[in-house]
Amino acid sequence: MSGRGVYGHERQKEQLGAAIASGRLAHAYLFHGRDGIGKKEVAKAFATAVLCGKGRPEACNACRSCKKVKSGNHPDLITVKPDGAFIKMQAVRELIGIMAFRPMEGGRRLFLIDDADRLHPAAANALLKTLEEPAAANIIILITAKPYLLPRTIISRCQQLRFRPLRRETVARFLEEQAGLEATVTRALAASAEGSIARALQLQQEDYLADREGILTRLASGHAGAPLPRLALFRYLGKSKKEIHDKLTLLQSCFRDALVWKELRDQGMLVHGDHLDQVHGIARLTTDDLLFNLDAIAASLRALEANANKLLTLEAMTFTLRL
Ligand SMILES: [Zn+2]
């Protein structure tokens, strides 16, 4: 199963394709892995191939069934999502009601339950009953970034597929091909996206690129070590946990680039290769200093993860960095 337009996850696609080809489909799957990496896209590609009904791992993308899936109108592909905070009992009741009948188009019927960790406990309980006595034609795919929030009784009845963060090159390729971004920009976004396409697109919407320009220039200037610029850097790192995390990761990538540039002189290996002048400027620091800075940032990230005092942690770090 190649799942046209689905990036990465080759092993999972292969496994699902083989299941279709052999006719050995599970009646319930659990797709888990962090947000924004394409679990739902793989599920949809899988559903399309199953509904295409030719027993081949690839959907033909030309038949009536494939066209209906594409336009979001296939009666045997049903998506269930949270309504407010929960996936409510009512939604699961409807699902069970539909299951009592044969699929509309004759073959199989698939239910995609997105954000499955948000199943209301009562709804999860009702769903468990259907998982215990599955009706043959139905396939349920639970999708979640937080499988640990699902009852074990449910997890144990599903075939699990774990999805890993995408490789940087995969995220960059998506951004180039699907979002039409320049290669220089995609590389920088992909490097900070932690394997998530959704995250990369979000960064693009935020001021990430402007931020990057600002911080590279600041670090390259040679004046960053004076007290006032340090204070400015400290303020720049932000207040909310997420903002701090993002900016520290960015700061990390700048020092990392300087180190790579010093050692390898290979522009192609840089995250910020489109800002070579600045990277070269930061590379005036010694290897020891760069390593020290990377350690200091990593320690701060760990401290923040462990809920240390944000301001104290950042202040201490900002004033120890070798700039
Ligand atoms: Zn087809």
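Predicted model: local features only at pLDDT ≥ 70, side-chain atom pairs only at ≥ 80, totals over all residues.
Let me start with the layout. The domain assignment gives domain 1 as residues 10-162 and domain 2 as residues 207-320. Their centres, taken over C-alpha atoms, are separated by 43 Å. I'll take a helix from each end of the chain, then turn to the rings.

Helix α1 comes up now. It runs over residues 10-22, so to speak 13 residues in total. From first C-alpha to last, α1 reaches 18 Å, close to the expected 18 Å at 1.5 Å a residue. Which residues of α1 are buried? They are Q12, K13, L16, G17, A19 and I20. These cover an arc of only 155 degrees around the axis, which puts them on the same side of α1. Look at the face turned away from that buried side. There you find the exposed residues E10, R11 and E14. And what covers the buried residues? The cover includes strand β1 at 28-32, helix α2 at 39-52 and strand β5 at 159-162. Keep β1 and α2 in mind; I'll come back to them. One detail at the end of the helix: just after α1, G23 takes a positive phi of about 75 degrees.

Now helix α14. This one spans residues 287-305, with 19 residues. Its reach is 27 Å from first C-alpha to last, close to the 27 Å expected at 1.5 Å a residue. The buried list reads D289, L290, N293, L294, A296, I297, S300, L301 and L304. Their arc around the axis is only 160 degrees, which puts them on the same side of α14. The face turned away from the buried side carries D288, D295, R302 and E305, which are exposed. Covering the buried residues of α14 are, among others, α12 (241-264), α13 (276-282) and α15 (310-320). Again, a detail just past the helix: N307 takes a positive phi of about 65 degrees.

On to the rings. How many aromatic pairs are there? The count comes to four. Take Y29 with F31. That pair is edge-to-face, at 6.3 Å centre to centre, with 70 degrees between the planes. Y29 and F31 are both buried. Next, Y29 with F46. Their ring centres are 5.4 Å apart and their planes stand at 80 degrees, so this pair is edge-to-face. Here is where β1 and α2 return. Y29 lies in strand β1 and F46 lies in helix α2, so the pair ties together parts that are 17 residues apart in sequence. Why does Y29 count as buried? Its relative accessible area is 1%, and the cut-off for buried is under 20%. F46 counts as buried too, at 0% relative accessibility. Step back, and ring pairs link Y29, F31, F46 and F163 into a cluster.

One more ring, Y236. Which residue lies over its face at 5.1 Å from the ring centre? That is R218. K247 is there as well: its charged end sits over the ring of Y236, 4.3 Å from the centre.

To recap. For α14, the arc is only 160 degrees. The Y29 and F46 pair ties strand β1 to helix α2. Y236 has R218 over its face, and the charged end of K247 over its ring.

Terms used
Residues numbered from 1 in each chain as written. Heavy atoms only, no water. Helix = DSSP H or I, 4+ residues; strand = E, 2+ residues; numbered from the N terminus. Expected span 1.5 Å × (residues − 1). Buried < 20%, exposed > 50% of the residue type's maximum accessible area, 1.4 Å probe, protein only. Arc of directions from axis to C-beta. Contact = heavy atoms within 4.5 Å. Domains from an automatic or database assignment. Phe/Tyr/Trp six-rings, centres within 6.5 Å; stacked < 30°, edge-to-face > 60°. Lys NZ or Arg CZ within 6 Å of the ring centre and 35° of its normal.
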